[in-house]
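This briefing covers a few helices and their surroundings. The sequence and the structure come first, followed by notes grouped by topic.

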Amino acid sequence: MINFLISASIFYVAVLFFVAFWAERAAAQGRGAWLRSPWVYTLSLSIYCTAWTFYGAVGYAARSGLEYLTIYLGPSLVMLGWWWILRKLVRIGRAQRVTSIADLLSSRFGKSNLLAALVTVLAVVGTTPYIALQLQSVTLSFSAFAQADDLGMMGAGNDRSALWVALGLAFFTIIFGTRNLDVNERHHGVVMAIAVEAIVKLCALVAVGIFVVWGVSGGLAPMLEAINASPHQNWHMDNARWVALTFLSAAAFLTLPRMFQVLVVENEDERHLQTASWAFPTYVLLMSLFVLPIAVVGQSILPQGSNPDLYVLTIPLALGQDTLAILSFLGGFSSATSMVVVASLALATMVSNHIVMPIWLRYWQGKFSAFGDVRRIVLLARRVSIGFVLFLGYLYYSLSGGSAALAAIGLISFTGVAQVLPAMIGGLFWRGSTRMGAICGLLVGFFVWGYSLFLPSFGADVVMSANLMQNGPWGIGALRPQALFGIDGLDPLVHTIFWSMLLNAVVFVFVSLIDFPSPLERLQGAQFVNVFDHSSATSGWTGKAGQSEDLMVMAQRIIGSVQAQKLFQSEAHKQGVSGFLPEPTPEFLERLERELAGSVGAATAHAMVGQIVGGTSVTVQDLMAVADETAQMMEYSSRLELQSEELSRTARQLRNANDKLTQISVQKDAFLSQISHELRTPMTSILAFSEIMKEAGDLDRQDLNKYATIIHAESTRLTRLLDDLLDLSVLENGQVHLNLVACSPNDLLRRAIATVQAGEAHRILRINLRLSDTVPDVITDPDRLGQVFINLITNARKYCDAAAPELTISLTHRAGRIICDFVDNGSGIPKEDQEMIFEKFARVGQTKAGGAGLGLAICREIMGRLGGDIAYLPGQGGGAFRVTFAVDAHNFSGH
Amino acid sequence: MAKKPPIFLERDRYRTRRLVDALRVLPILAGILWLVPALWANDTQNPPEIARLAIYFFCTWALMIVLSFALSRRLRHSAEFAGGIGTDGPSAPRDRD
């Protein structure tokens, strides 16, 4: 049977991989509307129910009666009260593009990286034992089957299966969690897989429950009687524990990194909360409904001393219900794996954004041009972090020897992570809370937790000496770990929850009251607390013209060139500027920073933009905006300022236009003399040689031939020049006739390259062709389009000034348009000339190669006729042109 | 000059506000209901039957779920929130600094 079990779980894992893969594909192709349904969201919240609740709840009920309910009642309270906290949290998460709970606190308290790193460390310490617990539950359930098979697969076998599970989970998480650096940090594959697992674990537990109530006990009434007759009949509520545990589970629901990930980061739509507000309590109600019956039946039919944590599994096994047992195993397996996947993903995001990236950024301080591909580094950091987190979990598991001590770790872990709560709630609702307050509160809470609960949990004389635990450090009774300030007789867990939360909150509030926050903190505070009032952010940056290209280079390296170009282009479009480089207005910089924050976290994004734009980001005016009293005055003056800014921007644009006009006029003059010169030179030689031929009658055949060749060549040159001029005037007047047929852009490109390469051989241009198979056939004028391609390739060969000239041509298909980029490795076109190159007669510098400067002007006209565009693409590390055109030119050709 | 918010709201918005009030009260009610057994079960000599306690918890729990379901249904259809669960209106308390 164990072999069947192993193949069943491998099959199940394969199904999960398939589901995740399929969801990713559906999302990528834009047909994943159902992926964004509130049901998937609700089911993904069920990672709250880990293996510790799946198996452990029954054990918990067997030991302490109804107390297990608190673990579910707390989160139900939070969900029922979504209007209070969750609504605000989700809104802020979306407005500020928060990537993790550490990012939330860092962003709220002045984008402080110290705070983020602190929360990250806390989260890793708090979560590692929990991951170990999941590994343990999987190995325990394996060995339960092995025992049933009398294989006695104990000892080393346990460790091995834990290792395999850890490796498999790391693999899954890396594949689906770090496939790309998502701008929104959403992982459809992972979310879909855990939604499926949520259904499996619910079905498994309910199936075992139904079997126990109706199959074993014989119905509801006998079951209730059995419960009342069980050893639990004397159970009574321990009020302190009841309140403390409900509070604790509610707090953990909000602060656990994995819960934050699914609640806030993966949230697609605020309205999903409405559905989840009743659907999630229903889910946990069903999860807890049969826990007590299973515990009671387990205690009555299984031999004394069997582990109550495994009743869900051992009852069906003992009664010979193998299918049910396997279903129940898969349920437990699902609970464990989904928790580990999301937890390691959330932790990896935190570690990479708040520990690895800041260190890396500091290392490269001020040298943003040397950044390299940031995306690759972030992804690598995430992958390594996932491996690291899982390794820590495995290490903890094997060091603690999978002992019973692990079972108690669930609540201990909750208490540790809940220390974030005061800073989080304070940050959401109290504008006066400060960074220092949050840091001090966290440190105190964390210290109390470690001292009074975590370290003593290993037992006397393991970490803490028995003497210290009995009598306190240096014999000071008031500092005994489990009886702080001499208050004795409390349950250790209640004791720690009470003191850590109290001291944490008191220190947080006190330090906040006496501290004075920095400007950025106050701005962020206002934005967080009043998130429903200001939907638009107060902007802080003041950029200077000319930084846009640097910003674009950086943005491309972080969010990818496609996204960055789209962002810059849309912003440029909004500002009424053509091309890819918008003015670095404060609004744009704010938007850019937020986009970057979605990938690397608020603190890092802030630092990166700051490195380029420089200077402090918060102005006196912004601070005054924080004070509501002066808001009206501010509004007026800021409107004035806006107007004057608008004016100066218009003035700048006018100046640019004027410059351009002057330049064109100068060029026209230059062209006239150039054209006269160009016409004159061939004319002169034609005249001269034809005169020679006319007057000297006795020329020998060889000379005659030579002169005729010269005359012919010069006439050809003249004709070509006149052709170009004619071509351009025809195109400009719109009298051109297009010959529209279907053809493949790939073939067109290949043909253009072949034509150019056949022409000349003395200058070698290496061409890297990146064609795409998904590009459809287009309806266009192949000769005209080919002409554009040939022109661009010829230009690259003529003007690329690299020692080993190279041209990369890439073809992509996006949103109904074909995009073709020509990027060479030369020095590119200087910024001041970029505006001019598409004008007639324009030539960059005083170039050596001949030509009247009509080529690009013709290209632009052609592309306009074909319903497309040609533009210079800045920031690609060389000369770069982008040709875009519609799949079907019919709609644009003016027929 | 900023416009002064009106003192009274028209019927639809008024209803929506009260709906939100109900949403706010719901978790408080749930919290209190789930503390009732603390008073009830205090009699250590003669504790209530555990099955009855369990039935009490699950019934109140289900009741809360039904209420929450009804409220979120109503909220979805209400006019003010058609465009997303929106902003606190002018009458909502604002934090000042």
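S44 of chain A lies in helix α2, which covers residues 38–45 of chain A. The model is predicted. With a relative accessible area of 2%, S44(A) falls under the 20% cut-off and is therefore buried.

**Surroundings of S44(A)**
- Leaving aside residues up to four places away in sequence, S44(A) touches V191(A), I194(A) and V262(A).

**Helices α10(A) and α15(A)**
- Helix α10 of chain A runs over residues 188–216, and helix α15 of chain A over residues 291–301.
- The two helices pack at an angle of about 55°, and their axes are 9 Å apart.
- α10(A) and α15(A) are therefore oblique to each other.
- The crossing in which α10(A) passes α15(A) is left-handed.
- On the α10(A) side, the residues in contact are L205(A), V208(A), G209(A), V212(A), V213(A) and V216(A). They meet P293(A), I294(A) and V297(A) of α15(A).
- Sorted by class, this contact between α10(A) and α15(A) has eight nonpolar residues, one polar residue and no charged residues.

**Helix α1(A)**
- Helix α1 of chain A takes in residues 2–28, which makes 27 residues.
- At 1.5 Å a residue α1(A) should span 39 Å, and this agrees with its end C-alpha atoms, which are 39 Å apart.
- Buried residues in α1(A) include I2(A), L5(A), A8(A), S9(A), Y12(A) and L16(A). Also buried in α1(A) are V19(A), A20(A), A23(A), E24(A) and A26(A).

Conventions. Residues are numbered from 1 along each chain as its sequence is written. Chains are lettered from A and ligands numbered from 1 in the order in which they are written. This is a predicted model: local features need pLDDT of at least 70, side-chain atom pairs count only at pLDDT 80 or more; totals for chains, interfaces and linings use all residues. Side-chain values use heavy atoms; hydrogens and water are left out. Axes are lines fitted to C-alpha atoms, for helices over the stretch in contact, and angles run from 0 to 180 degrees between N-to-C directions. Helices (H or I, at least four residues) and strands (E, at least two) are DSSP runs, numbered from the N terminus. Angles under 35 degrees count as roughly parallel, over 145 as roughly antiparallel, 65 to 115 as roughly perpendicular and the rest as oblique. A crossing is left-handed if the near helix is turned anticlockwise from the far one by less than a right angle, and right-handed if clockwise. Contact means heavy atoms within 4.5 Å. Ala, Val, Leu, Ile, Met, Phe, Trp, Tyr, Cys and Pro count as nonpolar, Asp, Glu, Lys and Arg as charged, and the others, Gly among them, as polar. The expected span of a helix is 1.5 Å times one less than its number of residues. Buried means under 20% relative accessible area, exposed over 50%, partly exposed in between (1.4 Å probe, protein chains only).
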